[in-house]
Amino acid sequence: MATVEYKGKTFQVDEDGFLENLDQWCQEWVDYVKESEGIKELNDDHWKVINMLQDYYKKNGIAPMVRILSKVTGFKLKYIYELFPSGPGKGACKMAGLAKPTGCV
Amino acid sequence: MPEGILCNRTPINTKEQLDAVLADKGGKQYYQEMEHLDVDVEKLQKTLQDTCKSRIRTWLEMCAHCGLCADSCFFYLANKKDPTQVPSYKIITTLGKIIEKNGNVDTAHMIKCMDTAWGKCTCCNRCGSFCPYGIDMGVMFSYLRGLCFSQGFVPWEMKIGSGMHRVFRAQMDVTPEDWVETCEWMVEEQQDEWPGLEIPVDKEGADILYTVNAREPKHYPEDIAEAAILFHIAGENWTVPSIGWEQTSLTMFAGDWEGCKMQVQTVFDAIERLKPKRVLGTECGHAHRGTVVEGPYWVGREDGRPPVPYIHYVEWLAEALRTGKIKIDPDKRIKVPVTLQDSCNYVRNHGLKDVTREIMSYIVEPGYFIEMYPNKEYNFCCGGGGGLNGIGRYRQWRNTGMKVKRDQIIATGAKLVIAPCHNCWDAIRDLEEVYEIGIKWSFLKPLIIKMAIIPDHLKPQEEEEE
């Protein structure tokens with residue numbers, strides 16, 4: 001199993017660098033993904049997306065459709081991409097500690 | 001252990017079963033159970049008797065072990081010419097052994113078959129182009145996948161993909177209601193920039209019925225908006241079905257033959273219901289192969305064709321450019337070195353090599369388009385086809401295999417790779433992430449929107465008043 005070391009913490013990740021277990025998710029993980037995704041600063045809207053993704057995932061065991069993310073947060077698709085340039089299914093899910101979405105992603 | 005709770009011979013048919021397998025993150029329990037999953041020899045023998053006809057048996061018998069297929073395989077080349085990666089070796093030691101022993105094989109052999117069929121072959125069919133006897137290992141590996149699936153030896157993500165199709169008639173958890181709502185949402189979000197934009201749902205008798213890849217509504221809805229914008233610019237009379245909108249087939253990648261038929265039937269039912277003049281699929285390779293090339297046979301259509309002509313996006317786009325429905329602003333053509341990824345599934349497997357070049361002639365400034373070598377029907381797989389992109393178990397194998405595509409791209413000097421196929425697009429994105437060769441990658445739709453001449457009557461009001 002691959003691991004990522006960051007700021008004194010060790011994270012177990014899958015083959016694509018997504019967290020193995022949401023229980024490991026913490027501020028250091030967010031900082032690590034932020035850096036690797038090239039996001040300068042996180043604002044409240046980033047957190048709104050992260051929180052929504054986690055809530056949905058805990059309830060449903062899978063990442064939500066972008067439509068649901070947009071509906072709950074009130075953010076337009078274009079803005080979600082401004083927040084997470086590699087996309088909601090990749091960068092945002094990774095930062096929120098979700099597993100890599102399955103299928104053709 | 002006869003069968004596991006998660007890893008077993010029963011396909012996923014309910015949401016509860018699907019949730020249980022999904023909850024096993026990364027398939028840890030699933031693969032542990034697989035180690036103890038017995039082979040149902042009697043069932044395997046029956047499957048062989050019913051489905052393994054003379055073609056495959058003859059191919060296996062006539063292979064002269066000449067090795068001419070070796071250099072055709074990107075896995076063989078990327079793995080420093082490892083003899084165990086020679087296509088003929090890979091199929092003879094897996095499917096060949098099952099047939100030779102008439103299904104009397106053990107669990108370890110079936111796991112070897114699975115790891116070979118999904119981890120060392122993308123069913124790109126390139127080797128078949130070089131065999132002097134015309135033996136098609138890609139077809140045989142697809143068949144082997146079917147045998148593996150029927151016995152429960154299928155990668156975790158493929159089991160889920162097949163289950164998604166069976167439960168949702170889509171490779172992801174998108175219901176017809178979710179799909180229609182996403183279309184409405186995309187129209188709403190585009191109104192400022194594209195007033196009057198529509199995505200007509202279930203319109204009967206339209207010129208075009210448009211079908212997509214489930215990842216578009218699930219993760220990349222901009223793709224749907226872009227398709228709508230280009231139909232809008234071209235003035236097409238088009239529609240999408242509320243049911244039967246999903247064109248892809250992870251069931252095909254999974255070797256789930258029954259699921260393949262169910263999925264394609266859903267799309268063909270939509271065609272029969274809405275009676276379009278023709279159907280057009282998104283920029284996806286395997287969706288085309290699954291629904292247009294192979295699908296008609298799965299559902300038993302005697303003529304081997306879909307109910308009405310069913311074309312790939314690149315065919316429609318080339319036609320729209322050729323007929324002037326979409327006009328390109330010459331000043332906005334691509335002026336960086338650019339190359340094109342030929343999708344195995346609609347180029348090698350369906351001959352669409354010239355229309356993509358025709359598109360390049362409209363959108364790239366002369367002198368900037370550079371072919372990969374080899375190309376067209378001899379192009380190498382992106383490295384992630386056949387479902388491989390989505391299977392974590394083989395991630396390192398895929399990344400090694402992608403070196404061939406990486407080196408092909410580097411040799412062109414291109415800074416942009418146009419990949420009109422979701423799978424190729426993903427593989428090239430991941431290739432850049434792993435090897436950092438300094439390229440960008442794109443589908444055709446977003447590029448065309450940036451360079452198309454927009455008719456005045458389609459521009460927002462404010463712009464007209466200026």
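User: How far apart do the C-alpha centres of domain 1 of chain B and domain 3 of chain B lie?
Analyst: The model is a predicted one. The domain assignment of chain B places domain 1 at 39-154, domain 2 at 179-321 and domain 3 at 330-451. Between the C-alpha centres of domain 1 of chain B and domain 3 of chain B, the distance is 28 Å.

User: Which element supplies the largest share of the side of domain 1 of chain B that touches domain 3 of chain B?
Analyst: Domain 1 of chain B brings 15 residues to this contact and domain 3 of chain B brings 20 residues. On the domain 1 side, at least two residues each come from α5 (74-78), α7 (107-119) and α8 (126-130) of chain B. By class, that side has eight nonpolar, five polar and two charged residues. The largest share, four residues, is that of α5(B).

User: Which element of chain A gives the largest share of the side that touches chain B?
Analyst: The contact between the chains takes 21 residues from chain A and 32 residues from chain B. Two or more residues of the chain A side come from each of α3 (66-73) and α5 (88-96) of chain A. The largest share, three residues, belongs to α3(A).

User: Is strand β1 of chain A largely in the open or buried?
Analyst: Strand β1(A) covers residues 2-6. Five bridges join it to strand β2 (residues 9-13) of chain A, and the two run antiparallel. Of the five residues of β1(A), the number buried is zero, so the strand lies largely in the open.

User: Which residue takes a positive phi in the hairpin of β1(A) and β2(A)?
Analyst: Across the pair, A:E5 stands opposite A:T10 in β2(A). The hairpin has two residues between the strands, and a positive phi near 45° is taken by A:K7.

User: What are the edge strands of the open sheet in chain B?
Analyst: This sheet has four strands with parallel pairing, in the order β2-β1-β3-β4. Each edge strand pairs on one side only, and these strands are β2 (238-239) and β4 (310-312) of chain B.

User: What angle does helix α18 of chain B make with β4(B)?
Analyst: Helix α16 (residues 285-293) of chain B packs on the sheet, touching β3 (278-281) and β4 of chain B, and its direction makes about 155° with that of β3(B). Helix α18 (residues 313-322) of chain B also packs on the sheet and touches β3 and β4 of chain B. Its direction relative to that of β4(B) is about 80°.

User: Is B:R273 buried, exposed or partly exposed?
Analyst: B:R273 is found in helix α15 (residues 257-274) of chain B. A residue is buried at 20 or more C-beta neighbours within 10 Å and exposed at 12 or fewer. B:R273 has 15 inside 10 Å, so it counts as partly exposed.

Key
Residues are numbered from 1 along each chain as its sequence is written. Chains are lettered from A and ligands numbered from 1 in the order in which they are written. This is a predicted model: local features need pLDDT of at least 70, side-chain atom pairs count only at pLDDT 80 or more; totals for chains, interfaces and linings use all residues. Two strands pair if DSSP finds at least two bridges between them. Two residues are in contact if their C-beta atoms, placed from the backbone, lie within 7 Å. Axes are lines fitted to C-alpha atoms, for helices over the stretch in contact, and angles run from 0 to 180 degrees between N-to-C directions. Domain bounds come from an automatic or database domain assignment. Ala, Val, Leu, Ile, Met, Phe, Trp, Tyr, Cys and Pro count as nonpolar, Asp, Glu, Lys and Arg as charged, and the others, Gly among them, as polar.
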